[in-house]
Amino acid sequence: MAEVATKSIDKAAIMAVLDTVPDPEIPAVSITDLGIVRGIRDDPPRVMITPTYTGCPATLAIEQLIRDALDQSGFGDIFIERQLFPPWTTDWISERGRERLHAYGIAPPDSSATAECPLCGSTDTAEVSRFGSTPCKAQWRCNACLEPFDRFKCH
Ligand SMILES: [Zn+2]
């Protein structure tokens, strides 16, 4: 190894790779859409990620997906580091992420008591269960079209 580690890493290229990593629970959105990726740091070069929900079983899967994506793109020397503070909140979901959640039929997180039905747009909705298809989502039902839907839990 004659070459000394380069001081600058191609952060844009790494972010482009991370953009392609889907959330294991909701493949319609990427981990960058969800705001899981906090940034890329130098020395040593590493990707900072903040897990969404504490104890969310997807966290390990997400780390593995990032590892695989980096390795396959020639970034095998980039570390992954968890950054727990400040804790992730649903506010970090990007505008694109919210649009993708909506298109996927999941109500984006909102601190209001009502959720807009992603199917018909009605706000005449009610929470059915705190636990939807995954621990990170609550199950809601629309009183207008009677369809159930998931809503991202607010943190
Ligand atoms: Zn509806």
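Helices here are DSSP runs of H or I with at least four residues, and strands are runs of E with at least two, both numbered from the N terminus. Hello everyone, and thanks for coming. What we have is a predicted model, where local features need a pLDDT of at least 70, side-chain atom pairs count only at pLDDT 80 or more, and totals for chains, interfaces and linings use all residues. Residues are numbered from 1 along each chain as its sequence is written, and side-chain values use heavy atoms, with hydrogens and water left out.

Let me begin with the overall picture. The protein has three helices and seven strands, and from the N terminus on they run α-β-β-α-β-α-β-β-β-β. The C-alpha trace spans about 65 × 25 × 20 Å along its principal axes. Of the 155 residues, 41% are buried, where buried means under 20% relative accessible area, exposed means over 50%, and partly exposed is in between, using a 1.4 Å probe and protein chains only. Taking contacts as heavy atoms within 4.5 Å, residues 24 or more positions apart account for 53% of the contacts with a separation of 6 or more.

Now to the helices. In H1, residues 11–19, the buried residues are Ile14, Val17 and Leu18. They cover an arc of only 100 degrees around the axis, so they sit on the same side of H1; the arc is taken from the directions from the helix axis to the C-beta atoms. As background, an α-helix has 3.6 residues a turn, so residues three or four places apart point the same way. Packed against the buried residues of H1 are strand E1 (37–41), strand E2 (46–49) and helix H2 (58–72).

Helix H3 covers residues 95–103, and Gly97, Arg98 and Leu101 are buried in it. Their arc is only 100 degrees around the axis, which puts them on the same side of H3. Which exposed residues does the face turned away from that buried side carry? Those are Glu95, Glu99 and Ala103. Strand E4 (106–107) and strand E7 (148–152) are included in what covers the buried residues of H3. After H3 comes Gly105, with a positive phi near 90 degrees.

On to the rings. A search of the whole structure finds two aromatic pairs. One of them is Trp88 with Phe152, a tilted pair at 6.5 Å centre to centre and 55 degrees between the planes. For pairing, the ring centres of Phe, Tyr or Trp (its six-membered ring) must lie within 6.5 Å; planes under 30 degrees apart are stacked, over 60 edge-to-face, and the rest tilted. Trp88 lies in the loop between strand E3 (79–82) and H3, and Phe152 in strand E7, so the pair ties together parts 64 residues apart in sequence. Trp88 is buried at 2% relative accessible area, and Phe152 is buried too, at 6%.

Finally, the zinc ion. Its protein donors are Cys117, Cys120, Cys142 and Cys145, each through SG, lying 2.3 Å from the ion. Donors are N, O and S atoms within 2.8 Å of the metal (3.2 Å for Na, K and Ca), and water is not among the atoms, so sites may look incomplete. Along the chain, the donors follow the spacing C-x2-C-x21-C-x2-C. Why is the arrangement tetrahedral? Because the four donor atoms subtend angles of 105 to 116 degrees around the zinc ion, and four donors count as tetrahedral if all angles lie between 85 and 135 degrees. Cys142 is buried at 0% relative accessibility, whereas Cys145 is partly exposed at 27%.

Methods. Tetrahedral: all angles 85-135°; square planar, octahedral: opposite > 155°, others 65-115°.
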